[in-house]
Structure formats: structure tokens, C-alpha cells
Amino acid sequence: MGVLNVTPDSFSDGGRYLDHDVAIARGLEMLAEGAAVIDIGGESSRPGAKPVTAAEECRRVLPVVEALAPHGRVSIDTAKVAVAEAALAAGATLVNDITASLAEVAAAAGVGLVVMHMQGTPQDMQRSPRYTDVVAEVRDFLLARADKALTQGVPEVWVDPGIGFGKYPGHNLTLLCHLHQLVADGHPVLVGTSRKSFLGSLDPVRVEPSPVHDRTEESLATAVWAMSAGVGMVRAHDVAGTIQAAQVVGYGSGGRW
Ligand code: HH2
């Protein structure tokens, strides 16, 4: 899943794809590189991000959705009913919902849904995330939401542990180490680690976290790790690099080993 943020403030690609023609070109490029899905977002969910109106989100994403949908699968990364409905009408066939609350919209349209775990909201989620057992709590939440979505009639439901959404670095690493348990629960799993801030603080020798564009190796390593745990899809900014890394270990090429 290639990330395409049509926003001024996303933590990694903010401001790069605000121009619709530039965004469409990047989407086509990621499809040519081998992305199975382009995930288009018009509102940043980074910690402390400022919410935008549905009208502004639609203005950002709809022309891009419409232009890319004939060329490959498009996912709409939104938490708003109105934006999801408009994007589906424009050709998207997957709703990627970080609030895990849009099952009705996906069911009504007969399209796929990603349900993601988040503790809190993007505005407050990193203030003091707390868990007794992060793996059990995230799994229980995802299983309940996925089962409910299937009961509501959603034909395809992905679950996503929400790396970085209301989690300290230790929570993220624990979830990554236990991905196989989420996979064993039976729903297809999506994971997004790409360039996230916890990757910038893994090096024990560094005092300052590495800058966002200097997290390539960590992003690739965690993507390959997730694939080897059995996840069905990883969400990545660097599509070409992720596919290349995956192919080294036999993923995405029919399984070399
Ligand atoms: N991460 C981000 C946004 N949407 N959706 C899913 N399902 N899983 C994720 O891990 C996930 C997501 C955050 O990354 P990004 O879109 O690059 O940044 P921003 O939210 O600042 O636009």
C-alpha cells in the first residue's frame, strides 16, 4: 500500500503532493513500482495535527482519487463519513479508517474496510498512552470491530494494530514482536511503520531521534519483519524500496524460500 498524502502537514510527505497533478503523478509512479493499493489521505493524523473540514478534505483528495482509480486500486484514508462516501463515488474501493468507525459506509457500498486501533485521538494520543497488556488489548479491540463489520455486511475487512497511534515506542515494538498472534486470529493484517517517529529513536547511541527522511533502513526492516510474520499488506512511503526489500526474502514474488 503506497502512501499518498494530499496535505500540507503530514509528518513525512506533507506539502509535497498538495498540487493535484503532482499527487496524481506520484500515485501513478507508485502503481508502476508495484503498489497494489494507493492510500490517499487529505487530513494528517500525526500527533497534534489540526483537524480539517470534510469540504476541505474532499477538495484535496477527490480529483486525485478520480484520476488514479482507473489505473489501480485506491483506498481513502479518512475518518469522515462524507469524505469516505464521496471518495467511493469517485472510484475508491477500500476505506482506511483510523477510528474504526466507518463499517456502515463500507457495507453500504460493498467495498473493503481497514479497521485500525488507536488509543485517544490524533490531538491527544501521545500524551500518556497506557495499557495493561498492549497486545491483548489491541487484539481484542480489532477482533470485536472486525467481527462487527463482517456481521454488518462488509465484504473484506483488514485489521491494523495502529503503530504510533496512542503508543510509546515500547508498545510499538511489542506489537511488532507479536504480529503473528494477530495474523493467527484469521483476519488479513495491514501494518504501517513507514518513517514513524519510534524508528528514529531505536539507535541507543544516538541522542537525538533521526530525521524523518533518515529512517529508510528501519522502515524496510520493519516492513520485511511484518511480512515474515504473515501480514498481508504493509503501508509504505517508499514503495520501490519496500518491494525490493521484500523480494530479497521472497515476499511478493510467490515465495522464494
Ligand atoms: N498511519 C498513518 C495514517 N494512516 N492508516 C493505517 N491503516 N495504518 C497506519 O499505520 C496509518 C494510517 C500515518 O502516516 P502518514 O499518512 O504518512 O502521515 P499523516 O497522518 O501525518 O498524514
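Start by selecting Val135, Val138, Arg139, Pro161, Leu175, His178, Leu179 and Leu182, the residues that line the second largest cavity. A cavity here is a set of points, on a 1 Å grid over the protein atoms alone, where a 1.4 Å probe fits but cannot get out, and lining residues have an atom within 4 Å of a point. The model is a predicted one, in which local features need pLDDT of at least 70 and side-chain atom pairs count only at pLDDT 80 or more, while totals for chains, interfaces and linings use all residues. Residues are numbered from 1 along each chain as its sequence is written, and side-chain values use heavy atoms, with hydrogens and water left out.

The volume of this second largest cavity is about 50 Å³; a volume is the space filled by probe spheres set on the grid points, which are joined across faces, edges and corners. Its lining divides into six nonpolar residues, one polar and one charged. The classes are Ala, Val, Leu, Ile, Met, Phe, Trp, Tyr, Cys and Pro as nonpolar, Asp, Glu, Lys and Arg as charged, and the others, Gly among them, as polar. Colour helix 5 (134-152) and helix 7 (179-184): each supplies at least two residues of this lining, and helix 5 gives the most, with three. Helices (H or I, at least four residues) and strands (E, at least two) are DSSP runs, numbered from the N terminus.

**The largest cavity**

The structure holds two cavities of 30 Å³ or more. For the largest, select Thr193, Ser219, Ala223, Arg235 and Ala236, which lie nearest its centre among 14 lining residues. About 80 Å³ of space lies inside. Helix 8 (residues 216-228) contributes the largest share of the lining, five residues. By class, the lining of the largest cavity has six nonpolar, six polar and two charged residues.

**The pockets**

Next come the open spaces. A pocket is an open set of grid points with protein on both sides within 12 Å along at least five of seven lines. Centre the view on Ser45, Arg46, Pro47, Met125 and Phe165, which of the 38 residues lining the largest pocket lie nearest its centre. The volume of the largest pocket is about 710 Å³, and its lining is made up of 14 nonpolar, 16 polar and eight charged residues.

The second largest pocket holds about 380 Å³ of space. Select Met1, Met227, Gly232, Val234 and Ile243, the closest to its centre of the 18 residues that line it. Strand 8 (233-234) and helix 9 (239-248) each supply at least two lining residues, and the largest share, five residues, comes from helix 9. Which classes make up the lining of the second largest pocket? There are 12 nonpolar and six polar residues, and no charged ones.

**The parallel strands**

Five of its five residues are buried, so strand 2 is largely enclosed by the rest of the structure. Buried means under 20% relative accessible area, with exposed over 50% and partly exposed in between (1.4 Å probe, protein chains only). Val37, Asp39 and Gly41 are buried on one side of strand 2, and Ile38 and Ile40 on the other.

Strand 1 (residues 2-5) runs parallel to strand 2 and is joined to it by four bridges; two strands pair if DSSP finds at least two bridges between them. Find Asn5, which stands opposite Gly41 in strand 2. From strand 1 the chain passes through helix 1 (residues 20-33) to strand 2 in a right-handed β-α-β crossover. Right-handed means that, with the strands pointing away from the viewer, the path from the first strand over the helix to the second runs clockwise.

Move on to strand 3 (residues 73-77), where four of the five residues are buried. Strand 2 (residues 37-41) and strand 3 run parallel, joined by five bridges. Show Asp39 opposite Ser75 and Ile40 opposite Ile76.

Strand 4 (residues 94-97) pairs with strand 3 in the parallel sense over three bridges. Here Ser75 stands opposite Leu94. Strand 3, helix 3 (residues 81-89) and strand 4 form another right-handed β-α-β unit.

**The whole chain**

Zoom out to finish. The chain has nine helices and eight strands, and its C-alpha trace spans about 45 × 40 × 40 Å along the principal axes. Of the 257 residues, 49% count as buried.
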